[in-house]
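Here is a short briefing on one structure.

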Amino acid sequence: MNELNKVDIENREQNYKYMVYAIKDQFENEKDLIANLSNASAIIKFYIDDCNWAGFYLNKEDTLVLGPFQGLPACIRIPSGRGVCGTAFKEKKVHRVFNVHEFEGHIACDGASNSEIVLPIIDKNSNVFGVLDIDSPSIGRFTELEEKYLIQVVKVIEENL
Ligand code: SME
């Protein structure tokens with residue numbers, strides 16, 4: 001793993017470009033998926049400021065099971081359709097939630113979380129491999145800017161499944 005570029009606190013978009021670059025670099029140099037997802041969660045948490053949890057839930061027999069992550073211990077199993085993760089999983093759609101307390105059925109793993117973004121990861125057979133879940137203690141932390149770069153992260157993962 002090459003050394004990470006420094007975070008530029010003045011320029012979020014630059015940080016997100018570094019994030020995508022570092023994750024691509026990781027996948028180009030290693031084939032082990034769990035190792036790569038582990039470092040991807042660390043890279044995401046490093047470059048996305050104001051983030052208290054970043055990680056993966058993986059599809060095991062139609063239930064999401066906790067995968068590699070950075071943050072506090074989290075709930076282990078999420079059924080399809082439950083919470084933000086289960087909804088993104090069921091609908092195969094990105095969910096950007098401005099205020100998680102207003103999301104019906106939100107699962108509060110870390111009480112500090114107030115907003116989140118969840119992106120489905122789709123395999124070559126159009127099945128959901130898992131989801132990428134990122135939480136923030138700030139309301140409305142995730143915008144189109146974060147979504148744009150996290151979609152690129154998910155693309156790198158999908159190409160390497
Ligand atoms: N917030 C998620 C649950 C997972 S934890 O935040 C890590 C949800 O409602 O789906």
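The side chains of Glu146 and Arg141 are joined by a polar contact of 2.8 Å. A polar contact is a pair of N or O atoms within 3.5 Å; within protein, one must be able to donate a hydrogen and the other to accept it, and residues adjacent in sequence count only if both atoms are side-chain atoms. The model is predicted: local features need pLDDT of at least 70, side-chain atom pairs count only at pLDDT 80 or more, and totals for chains, interfaces and linings use all residues. Residues are numbered from 1 along each chain as its sequence is written, and side-chain values use heavy atoms, with hydrogens and water left out.

**Glu146**
- Glu146 sits in helix H4, residues 144-159 (a DSSP run of H or I, at least four residues, numbered from the N terminus).
- Glu146 is buried, at 2% relative accessible area (buried means under 20%, with a 1.4 Å probe and protein chains only).
- A second polar contact, of 2.5 Å, links its side chain to that of Thr143.
- Leaving out residues up to four places away in sequence, Glu146 touches Arg12, Tyr16 and Arg141 (heavy atoms within 4.5 Å).

**H1 and H2**
- The axes of H1 (residues 12-29) and H2 (residues 33-47) come within 10 Å and cross at roughly 165° (lines fitted to C-alpha atoms over the stretch in contact, angles from 0 to 180 degrees between N-to-C directions).
- The two helices are therefore roughly antiparallel (over 145 degrees).
- Residues of H1 in the contact include Tyr16, Met19 and Phe27, and those of H2 include Leu37, Ile43 and Tyr47.

Methods. Parallel < 35°, antiparallel > 145°, perpendicular 65-115°, else oblique. Buried < 20%, exposed > 50% of the residue type's maximum accessible area, 1.4 Å probe, protein only.
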